[in-house]
Amino acid sequence: MNAPVVAPSLLAANHGEFLQGLRTIEAAELAWVHLDIMDGHFVPNISFGPQVVADLRPQSKLFFDVHLMLTNPDRFVDAFVKAGANRLTVHVEADHDVAKTIAAIKNAGLSAGIAMNPDADPRRLLPYLDSVDLVLCMTVFPGFGGQAFIPAALESIKFLDLERRQRGLNYRLEVDGGINATTGKQCRDAGADTLVAGTAFFKAADCKAFASSLSA
Ligand code: DX5
Ligand code: ZN
């Protein structure tokens, strides 16, 4: 069993003050930051790129959990390795040779993750489960923060948790999108151990108390 981790998404912080966003996460005594990279093509929004990640890197010891929402993630692995990412998670729906991209990430010495959209069949991930460190089950359609949690994703989480136990694997099972105290508990009960929270974390009256309640 992996210890629960809460990874706040910087997407929900003020984009003119990312450094302050990192400080808010550190003040909540969390160890990870989730960085959402969007290309305006794989998803209908643009966020920020490797330069922002590279400039934040020397400012913090947080684990950089980088979620690539890119049509061609394979073309950007090197840039995010150089930028100082700790993990790169790529989508199974993107236009690339998934196994090859995962191998490139691992060969660079980084942790690798595979992500799926909420409407994907989780069986699509089966060929990759024994080669990744993390499986990301999206609980909204990626592109924007602040969307409502899609309960149907709970079935995929349960499937991926069962698969993990039956095969004796130990990848982290991460959820992302619409996570708050209620939906976070539903995901934990379904087997998720890693909770991304953007809006609910940065808008919380007490960020530290909110994060502690999610990982309790
Ligand atoms: C959605 C992103 C999420 C998002 C989560 O495309 O992958 O990480 O920032 O934000 P909230 O918690 O606001 O749904
Ligand atoms: Zn994300």
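Which residues in helix α6 (residues 181-190) are buried? Keep that in mind as you open the viewer. This is a predicted model, where local features need pLDDT of at least 70, side-chain atom pairs count only at pLDDT 80 or more, and totals for chains, interfaces and linings use all residues. Residues are numbered from 1 along each chain as its sequence is written, chains are lettered from A and ligands numbered from 1 in the order in which they are written, and side-chain values use heavy atoms, with hydrogens and water left out.

**Stop 1: helix α6**

Select α6 and pick out Thr 183, Gly 184, Cys 187 and Ala 190: these are buried. Down the axis of α6, the buried residues fall within an arc of 125 degrees, so they line one face of the helix. That arc is taken from the directions from the helix axis to the C-beta atoms. Buried means under 20% relative accessible area, exposed over 50%, and partly exposed in between (1.4 Å probe, protein chains only). Helices (H or I, at least four residues) and strands (E, at least two) are DSSP runs, numbered from the N terminus.

Now turn to the face pointing away from the buried side, where you'll find the exposed Thr 182, Lys 185 and Asp 189. What covers the buried residues? The cover includes α5 (153-166), β7 (172-176), β8 and α8 (207-215), with contact meaning heavy atoms within 4.5 Å.

Asn 180 caps the N-terminal end of α6, with a side-chain oxygen 2.9 Å from the backbone nitrogen of Thr 182. After α6 comes Gly 191, with a positive phi near 120 degrees.

**Stop 2: ligand 1**

Next, select ligand 1. It is surrounded by 20 residues, and the closest are Asp 36, Gly 143, Asp 176, Gly 198 and Thr 199; a residue is near a molecule or strand if one of its heavy atoms lies within 4 Å of it.

Zoom in on the oxygen atoms of ligand 1. One is 2.4 Å from an N or O atom in the side chain of Thr 199. A backbone N or O atom of Gly 143 lies 2.7 Å from an oxygen atom of the ligand, and for Gly 178 a backbone N or O atom is 2.8 Å from a ligand oxygen. The protein covers 99% of the 380 Å² of accessible area that ligand 1 has on its own (Shrake-Rupley method with a 1.4 Å probe; for residues, only the protein chains shown count as cover).

Where does the shell come from? β2 (32-38), β3 (63-69) and β8 (194-197) each supply at least two residues, and the largest share, three residues, comes from β2.

**Stop 3**

Now select α1 (residues 18-27), where Phe 18, Gly 21, Leu 22 and Ile 25 are buried. They cover an arc of only 100 degrees around the axis, which puts them on the same side of α1. An α-helix has 3.6 residues a turn, so residues three or four places apart point the same way. The cover over the buried residues of α1 includes β1 (5-8), β2, α2 (50-56) and α7 (199-202).

Step on to Glu 29, in the loop between α1 and β2. Glu 29 has a positive phi of about 60 degrees although it is not a glycine. Most residues other than glycine have a negative phi. Is Glu 29 buried or exposed? At 59% relative accessibility, Glu 29 counts as exposed.

**Last stop: Ala 104**

Finally, select Ala 104 in helix α4 (residues 98-107). Ala 104 is partly exposed, with a relative accessible area of 35%.

How values were computed:
A polar contact is a pair of N or O atoms within 3.5 Å; within protein, one must be able to donate a hydrogen and the other to accept it, and residues adjacent in sequence count only if both atoms are side-chain atoms.
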